Amino acid sequence: QVQLQESGPGLVKPSQTLSLTCTVSSGSITTAGYYWSWIRQPPGKGLEWIGYIAYSGSSWYNPSLKSRTSISRDTSKNQFTLQLTSVTPEDTAVYYCVSWSALIRAYNYWGQGTQVTVSS
């Protein structure tokens, strides 16, 4: 069973950069057909896809967030990282790291989620 665990600060000041890391266990982030995503849910709103980094290392972002988003990986640590720059209170949300399988064409493993609040 693949497990994902988010880590990072729970409080970020406006205009700063939000940085979260997802550590993957019992599975490799280089496994073919897997896309490692970040998804968030602001309070009282639905889920919003932020972007992914693929097993190949390529990445793709939500166009509405693309200018502020970067997703990278460290294969030696089996981790992938989200960086979101110039945050505002509207970036306050629960952030999830999630795996998407091309084989079943669905999200199959989720982290527990981590609350990030943007406030001065």
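User: In which strand does T69 lie?
Analyst: This is a predicted model: local features need pLDDT of at least 70, side-chain atom pairs count only at pLDDT 80 or more, and totals for chains, interfaces and linings use all residues. Residues are numbered from 1 along each chain as its sequence is written, and side-chain values use heavy atoms, with hydrogens and water left out. Strands (E, at least two residues) and helices (H or I, at least four) are DSSP runs, numbered from the N terminus. The strand of T69 spans residues 69-74 and is β7.

User: Is T69 buried or exposed?
Analyst: Buried means under 20% relative accessible area, exposed over 50%, and partly exposed in between (1.4 Å probe, protein chains only). T69 has a relative accessible area of 8%, so T69 is buried.

User: Which residues is T69 in contact with, leaving aside neighbours within four places in sequence?
Analyst: Contact means heavy atoms within 4.5 Å. Beyond four places, T69 is in contact with I50, Y61, L82, Q83 and L84.

User: How many salt bridges does the structure hold?
Analyst: A salt bridge is a side-chain nitrogen of Lys or Arg within 4 Å of a carboxyl oxygen of Asp or Glu. One of them joins the side chains of E48 and R40 (2.7 Å, N to O). The total number is 3.

User: Which residues are linked in a network of salt bridges?
Analyst: D91 also bonds with R68 in a salt bridge, the closest N and O atoms being 2.9 Å apart. That pair too links distant parts of the chain, 23 residues apart, with R68 in the loop between β6 (59-61) and β7. The network links R40, E48, R68 and D91.

User: Which residue does C22 pair with in a disulfide?
Analyst: A disulfide is a pair of cysteine sulfur atoms within 2.5 Å, and by this rule the count is 1. C22 sits in strand β3 (residues 18-25), 75 residues from its partner in strand β9 (residues 93-101). Both cysteines are buried. At an S to S distance of 2.1 Å, the partner of C22 is C97.

User: Which residues make the nonpolar surface patch of about 310 Å²?
Analyst: Patches are made of residues with over 30% relative accessible area and no salt bridge; like charges are joined within 9 Å, nonpolar side chains (Val, Leu, Ile, Met, Phe, Trp, Tyr) within 5 Å. Accessible areas come from the Shrake-Rupley method with a 1.4 Å probe; for residues, only the protein chains shown count as cover. One member, Y107, lies in strand β10 (residues 106-110). The patch is made by L47, Y107 and W110.

User: How far apart in space are P43 and S28, C-alpha to C-alpha?
Analyst: P43 is in the loop between β4 (34-41) and β5 (48-54). Its relative accessibility is 60%, so P43 counts as exposed. P43 and S28 are 15 residues apart in sequence, and their distance in space is 32 Å.
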